[in-house]
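Good morning, and thank you for the time on today's agenda. I would like to take the group through one model, chain by chain, and then turn to the places where the chains meet.

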Amino acid sequence: MTPSVSNIPLHDDDGAGHRKADHPEAGFWRTYIFSTDHKVIGVQYALGSLCFLLFGFFLMLLMRWQISKPGVPVPVLGPLLARALGSAAANGALSPDLYNSFGAMHGTIMVFLGVVPLAFAAFSNVVLPLQIGAPDMAFPRLNMASFQAYVIGGVIMLASFFIPGGAAQAGWTSYSPLATAIPTDGQTFWIIGMVFIITSSLLSAVNFIATIIQMRAPGMTWMRLPFFVWAQFVTSFLLLLAFPPLEAAAIMQLMDKVAHTSFFLPTGLAVGGQLANISGGGSPLLWQHLFWFLGHPEVYVLILPAMGIVCEIIANNTRKPIWGYKSLVYSVLAIGFLSFLVWAHHMYLTGMGTKVAVFFQTTTMIISIPSVIILTCLLISLWGASIRFNTPMLFALAFLPMFGMGGLTGLPLGFNISDVHLHDTYYIIAHFHYVVAPGTIFALFAGIYYWLPKLTGRMMNEFWGRVHFWTSLVFMNVVFMPMFAQGMAGMLRRMTDGGANYSAAVNARAGAEVIGGLSNNIIEMHTWILWGACALGLAQIPFIINLFWSLKHGEKVDSDNPWQATTLEWQTATPPPHGNFPEAPRVYRGPYEYSVPGHAADFTPQNEPEK
Amino acid sequence: MDFPYIVEPRRDTGLYNAKLGIWLFLASEVMLFGALFSAYVLLRVGAEPGMWPHGWLNVPVGTANTIVLITSSITTVLAWVSCQTRQFGRFRFYHACTLLLALTFVCIKSYEYHDKFTHYEFTLANGKFADGHLVEKSRDFNLAQKTGSVILHGREVEREVELMDLHRPEARHLQHVEITIPATGIKKMERYGPWHHTYLAIYFTLTGLHALHVICGAVVIGFLWGPGAKMWQTDPKRFTNRIEISGLFWHFVDLVWIFLFPVLYLL
Amino acid sequence: MSDHELTAHETHSVRGYIFVFIALLAGTGLTVWASFIHFGSQEINIAVALTIATVKAFLVVAYFMHLISERKMIYCVMGFTAFFFAAMMGLTLWSLAPNNLVHT
């Protein structure tokens with residue numbers, strides 16, 4: 001074992017492979033701000049995206065307040081909002097326009113500034129080069145540039161809250177013509193922010209693919225790669241090929257907004273009762289197709305890294321090889337391929353003909369198969385295992401049923417006939433939040449608890465980790481489970497009054513012959529959800545404290561490999577030095593050689609020579 | 001640990017890192033321009049019959065630009081060959097040509113854009129249309145207050161659709177004359193900017209994005225020609241690889257134009 | 001840096017590049033000329049122009065970008081890209097074809 005090195009590497013790598021002695025010690029800026037070391041960049045992404053996740057969470061809490069108590073000023077924060085945002089938050093209550101912009105920005109920030117940078121950029125940066133035995137990413141300076149583009153995009157998105165007219169309001173999907181017709185520059189800021197974020201992801205994707213293909217250590221064949229690497233490999237391809245059409249569409253929507261073109265604006269468009277002064281001839285559906293061409297692979301970008309993380313943690317804490325490694329690999333490749341061919345299942349209600357609907361339903365049903373295979377392999381891996389129930393494993397185990405629920409509830413959405421009833425209702429919100437929130441985010445928590453000790457040399461507190469886990473699990477379900485019922489009862493998305501206008505109570509008061517409406521039970525669920533969300537927020541406090549507290553006071557690891565894991569990242573110093581390994585490791589076996597009969601230890605690292 | 005495969009290729013892939021990197025980036029660029037071409041097809045197919053323009057762009061000028069880019073492609077590849085054969089002087093010559101050709105392309109494009117921005121369509125008060133290049137606005141010209149007049153070099157037509165297809169036999173014998181129109185006779189005047197028609201929208205967007213790529217490619221090649229050429233002294237193999245990579249990007253830019261030219265100018 | 005005479009292999013490849021250059025110029029002339037010919041329908045003009053463009057593109061990609069001598073990895077990447085580009089354009093246009101839309 002190489003001795004521990006206590007500092008994060010002190011100088012950047014210009015990719016020329018110079019010896020450590022050639023470089024003078026770098027200052028603070030080069031080490032922590034303008035670093036080209038993948039581990040530093042990974043931590044930068046992680047901190048940034050966790051902040052954005054928290055910010056997006058607060059936006060949601062404000063929205064949930066408004067939904068439960070429309071027009072009632074927000075307690076405590078109300079006056080602050082009124083001062084910061086002016087008439088949009090008059091009296092401290094959310095105006096409908098402000099609610100819409102919070103909705104649009106909650107989605108945008110959570111997806112593009114929160115989950116994707118954390119799951120894809122942060123985890124890949126920290127773990128990937130180490131797991132394949134590489135000294136760094138293939139293009140370290142490009143890596144730094146990607147992060148900088150992400151920061152710029154994030155700043156632009158945040159800045160848009162404070163400009164006259166406020167932030168974007170047309171949903172995270174920014175459908176034309178609404179996106180162009182809304183008279184706020186927030187929409188323009190959104191587009192420009194998206195261009196920077198897309199560029200960041202594209203450059204990262206190029207970097208990670210090149211790294212995985214070119215920089216694997218000797219002996220690290222494709223079928224010896226940890227599943228985490230396969231998952232990030234496919235995710236990178238999804239981003240590489242699916243993001244550019246959205247970038248093209250964003251450019252066209254920007255032209256519509258700024259240059260008054262009519263890419264997505266149809267002839268005869270009227271805005272505010274007046275015929276719009278445009279050339280017309282455009283197609284709103286074109287925007288939707290180009291958006292969802294990215295939008296669908298995007299959801300696989302959200303889930304695949306999570307599956308990769310869960311696989312690593314399950315293998316490690318069951319002390320058994322993962323069941324069906326080959327099936328996992330082929331399934332993730334199949335998901336990657338098929339995910340480009342299903343996108344219009346987000347558009348069933350746009351008036352598509354039966355032939356088109358049948359095509360997309362078929363591909364959507366087919367893609368559910370490899371997803372189920374992956375989940376099944378992970379579940380079967382638990383059979384007969386000596387499970388170690390530590391915090392990462394708890395989160396990884398909870399991922400399985402939570403993602404399962406999210407995935408299964410997607411099936412009625414994949415069929416045109418049932419989607420007609422469920423589209424744009426709270427059922428959809430419940431479905432995708434189950435996949436991303438107690439799904440992906442749990443996997444990301446698991447990954448943080450699991451890999452942080454590699455970077456800091458200290459374990460996170462186990463007791464508070466379990467508190468974080470159980471409270472999060474309970475309250476995630478309190479928040480999202482009722483939404484299935486609400487959606488099936490017909491409650492639509494994006495209603496700023498939480499459906500009060502369509503409630504049975506309002507209908508009864510109107511005394512009309514109106515039948516139906518949302519029952520009191522359904523409306524009352526809003527209260528449960530609000531308190532569940534507040535509790536969920538409180539449940540994250542132990543995590544945040546634990547994260548920072550453990551840096552200085554966490555229990556020190558007893559070795560460079562505290563989890564007794566087989567993969568390469570654990571077979572080097574803590575934290576890994578500049579260049580990661582003193583010399584290129586040689587790989588002799590697959591990634592999950594746990595409890596191999598005839599071996600003294602219950603795990604055999606990938607780079608341990610054959611006896 | 002030493003950084004592998006910067007210069008020498010990895011045996012099983014046959015590639016050095018940057019070459020794989022640039023091809024991956026080009027794959028994303030294919031999807032970017034591909035989406036814009038898809039938009040073009042959709043907008044054209046969806047247009048009202050007879051209302052999709054033909055002949056609005058100057059074919060000889062476009063052909064000249066095509067030749068400019070193709071020539072810059074051959075100079076690029078010859079610059080790389082010169083690096084491989086360690087003929088630095090020749091490399092410098094060929095890439096100087098590439099840069100001059102890039103500049104020429106952008107200048108010609110600017111001229112074309114300027115031509116469009118000085119071209120107006122007038123909706124006249126009498127229900128007819130006038131169309132042509134603005135020659136002069138009278139000093140007191142004010143459309144809102146209906147004062148003054150304009151002189152344009154063009155023609156007057158009965159219906160707007162006559163301005164669309166300039167490839168029709170009737171349109172081939174157009175006479176362009178000087179027309180003076182008083183402000184009182186004008187209901188609306190609009191430049192041939194991207195807002196004027198979706199054809200112009202996609203034309204400006206596609207060629208604008210393409211021109212941006214030309215400029216960025218020229219900047220990179222310019223850097224390697226100038227300050228970046230220092231690496232020739234210390235690591236000629238790595239420098240040659242950089243010339244190859246920037247060349248691959250440049251060829252891609254040429255490739256996009258090979259499709260842009262017929263699609264926008266000829267069809 | 002001393003100059004050296006081009007090897008036989010290198011002169012051969014330079015000659016090849018010049019041939020491709022001339023072919024590209026010829027293709028440009030051909031496509032402009034063909035655009036003035038009135039084939040039966042506009043569709044044929046489009047097909048002719050795109051065919052010539054594809055051939056020119058092939059020459060640039062295969063020879064100037066030397067894809068023809070690249071290894072499997074690049075073919076895989078570009079192959080999948082071409083497939084997904086075709087799928088994006090094809091499925092989008094097919095979905096938005098008038099007789100595949102439900103008009104109320």
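Let me begin with a term: two strands are said to pair if DSSP finds at least two bridges between them. Please also keep in mind that this is a predicted model.

With that criterion in hand, consider strand S1 (residues 119-124) and strand S2 (residues 129-137) of chain B, which pair in the antiparallel sense over 5 bridges. Within this pair, B:Phe122 has B:Ala130 in S2(B) as its bridge partner. S1(B) and S2(B) form a hairpin, with 4 residues between the two strands. In the turn, B:Gly127 has a positive phi of about 85°.

We move on across the sheet. S2(B) also pairs with S3(B), again in the antiparallel sense, and here there are 8 bridges. One of the residues involved is B:Gly132, whose bridge partner in S3(B) is B:Gly154. Strand S3 (residues 149-157) of chain B is in turn joined to S4(B) by 6 bridges, and these two strands run antiparallel. There, B:His153 stands opposite B:Glu178 of S4(B).

Taken as a whole, the sheet is open and has 5 strands, in the order S4-S3-S2-S1-S5 (chain B), with antiparallel pairing. Which strands stand at the edges? They are strand S4 (177-182) and strand S5 (186-191) of chain B; each has a single partner strand, so one side of each is left without a neighbour in the sheet. From one strand to the next, the twist averages 40°.

Next, the domains of chain B. The chain is divided into domain 1, covering 52-116 + 196-266, and domain 2, covering 120-191. How far apart do the C-alpha centres of these two domains of chain B lie? The separation is 37 Å. Contact between the domains of chain B involves 6 residues of domain 1 and 7 residues of domain 2. On the domain 1 side of that contact in chain B, 3 residues are nonpolar, 3 are polar and none is charged.

I turn now to chain A. This chain has 19 helices and 2 strands. Its radius of gyration is 25 Å, close to the 25 Å that the globule rule gives for 611 residues, so chain A is as compact as a globular protein of that length. Along the principal axes, the C-alpha trace of chain A spans about 85 × 55 × 50 Å. Of the 611 residues of chain A, 56% count as buried. As for contacts in chain A between residues at least 6 apart in sequence, 77% join residues at least 24 apart.

Finally, the contacts between chains. Between chains B and A, 33 residues of chain B are in contact with 41 residues of chain A. Helix H1 (17-45) and helix H4 (198-225) of chain B each supply at least two residues of the side that touches chain A. Which element provides the largest share of that side of chain B? It is H1(B), with 14 residues. By class, the side of chain B that touches chain A consists of 22 nonpolar, 9 polar and 2 charged residues.

Chain C also meets chain A, in a contact that takes 12 residues from chain C and 15 residues from chain A. The chain C side of this contact has 8 nonpolar and 4 polar residues, and no charged residues.

That concludes the presentation; I welcome discussion.

Technical notes. Residues are numbered from 1 along each chain as its sequence is written. Chains are lettered from A and ligands numbered from 1 in the order in which they are written. This is a predicted model: local features need pLDDT of at least 70, side-chain atom pairs count only at pLDDT 80 or more; totals for chains, interfaces and linings use all residues. Two residues are in contact if their C-beta atoms, placed from the backbone, lie within 7 Å. Ala, Val, Leu, Ile, Met, Phe, Trp, Tyr, Cys and Pro count as nonpolar, Asp, Glu, Lys and Arg as charged, and the others, Gly among them, as polar. Axes are lines fitted to C-alpha atoms, for helices over the stretch in contact, and angles run from 0 to 180 degrees between N-to-C directions. Domain bounds come from an automatic or database domain assignment. The radius of gyration is taken over C-alpha atoms; the globule rule is 2.2 Å times the number of residues to the power 0.38. A residue is buried if 20 or more other C-beta atoms lie within 10 Å of its own, exposed if 12 or fewer, and partly exposed in between; C-beta atoms are placed from the backbone.
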